[in-house]
Amino acid sequence: DAQEKWLRWDDEWEMGVDAMRITQFTWEEYNQRAEPAKPAIEQFEKYLYDPEYINVTANGVGFDCMLHNINRRLIGKEPDYSFLKRAICIQILHKAITLDCKPPSFNTDQWVSFLYKMQSFHQRGFKCSLKFLCEHLGVEYNPLLHHKSALFDTQLTMECLFKQLFLFEI
């Protein structure tokens, strides 16, 4: 049930020229595709907080979870990071594989600590962007679709994960 939702906010907001260029954003497309934020977020959260699902991301601990919780605040909800116990981030897996780190048990508080420790690891020259991981793992990458389609990013993320699972035990 793959879906791509664009959130409509009542408040006016601005987007930088460079961000618009990089993401190929246009106000015309936004106004055409955007949906009311609250129902879209609540639909997404039915999956995000469902314990039957494992959440797979690229930079989910470093960016997506913060952005999601900002969106929760904007619709009147408290932040909730509980989904991170069931989160797998391919960028963090790459760091752990490269550094030969053994992870704690999945779906535990120790797992969340591991995610944040790995997320905070930075070393000059160490790369783990989605583009780099696709090239490193032999996954076909299309720069024209990367910033344009969340569904394309999701497909790339899953392909990278499937290749990483042969290199790392969770």
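Which residues have the most contacts inside the largest nonpolar core? I took that as my opening entry. I kept in mind that this is a predicted model.

**Entry: the core**

I looked up the largest nonpolar core and found 28 residues in it. Those with the most contacts inside it are Leu84, Ile92, Phe114, Cys134, Leu156 and Cys160. Next I asked which elements supply it. Helices α4 (60-74), α5 (90-99), α6 (109-120), α7 (130-137) and α9 (150-164) each give at least two residues, and so does strand β4 (87-89). The largest share, five residues, comes from α6. I noted a general point beside this: in soluble globular proteins, nonpolar side chains tend to be buried together.

I then picked Phe114 from the list. I set aside residues up to four places away in sequence. Phe114 touches Ile92, Ala96, Cys101, Pro103, Pro104 and Phe168. Ile92 is also on the list of core residues with the most contacts.

**Entry: helix α3**

I moved to α3, which covers residues 37-48. This helix has twelve residues. From its first C-alpha to its last it reaches 16 Å, close to the 16 Å expected at 1.5 Å a residue.

Which residues of α3 are buried? I found Ala37, Ala40, Ile41, Glu45 and Leu48. Seen down the axis of α3, these buried residues fall within an arc of 135°, so they line one face of the helix. The partners are β1 (6-8), β2 (34-36), β3 (55-57) and α4.

His68 has 8% relative accessibility and counts as buried. Leaving aside neighbours within four places in sequence, His68 is in contact with Ile41, Phe44, Glu45, Leu48, Tyr49 and Phe83. His68 and Glu28 are 40 residues apart in sequence and 24 Å apart in space, C-alpha to C-alpha.

Asn69 lies in helix α4 too. Is Asn69 buried or exposed? At 1% relative accessibility, Asn69 counts as buried. With neighbours within four places in sequence left aside, Asn69 is in contact with Pro79, Asp80, Tyr81 and Phe83. Phe83 is on the contact list of His68 as well.

**Entry: aromatic rings**

How many aromatic pairs are there? The count comes to eleven. I looked up Trp13 and Phe25. Their ring centres are 5.9 Å apart and their planes are at 55°, so the pair is tilted. Trp13 lies in the loop between β1 and α1 (17-23), and Phe25 in the loop between α1 and α2 (27-33), so the pair ties together parts that are twelve residues apart in sequence. Trp13 is partly exposed, with a relative accessible area of 32%. Phe25 is buried, at 13%.

Trp13 also pairs with Tyr30. Here the centres are 5.4 Å apart and the planes are at 90°, so the pair is edge-to-face. This pair links distant parts of the chain, 17 residues apart, with Tyr30 in helix α2. Tyr30 is buried, with a relative accessible area of 5%. I found that Trp13, Phe25, Trp27 and Tyr30 form one aromatic cluster.

What sits over the ring of Tyr30? I found the charged end of Arg8 there, 5.6 Å from the ring centre.

**Entry: an exposed residue**

Last, I looked up Asp100. Its place is in the loop between α5 and α6. Asp100 is exposed, with a relative accessible area of 71%. I checked its distance from Phe44.

Definitions and conventions
Residues numbered from 1 in each chain as written. Predicted model: local features only at pLDDT ≥ 70, side-chain atom pairs only at ≥ 80, totals over all residues. Heavy atoms only, no water. Core = buried A, V, L, I, M, F, W, Y, C linked by side-chain atoms within 4.5 Å. Buried < 20%, exposed > 50% of the residue type's maximum accessible area, 1.4 Å probe, protein only. Helix = DSSP H or I, 4+ residues; strand = E, 2+ residues; numbered from the N terminus. Contact = heavy atoms within 4.5 Å. Expected span 1.5 Å × (residues − 1). Arc of directions from axis to C-beta. Phe/Tyr/Trp six-rings, centres within 6.5 Å; stacked < 30°, edge-to-face > 60°. Lys NZ or Arg CZ within 6 Å of the ring centre and 35° of its normal.
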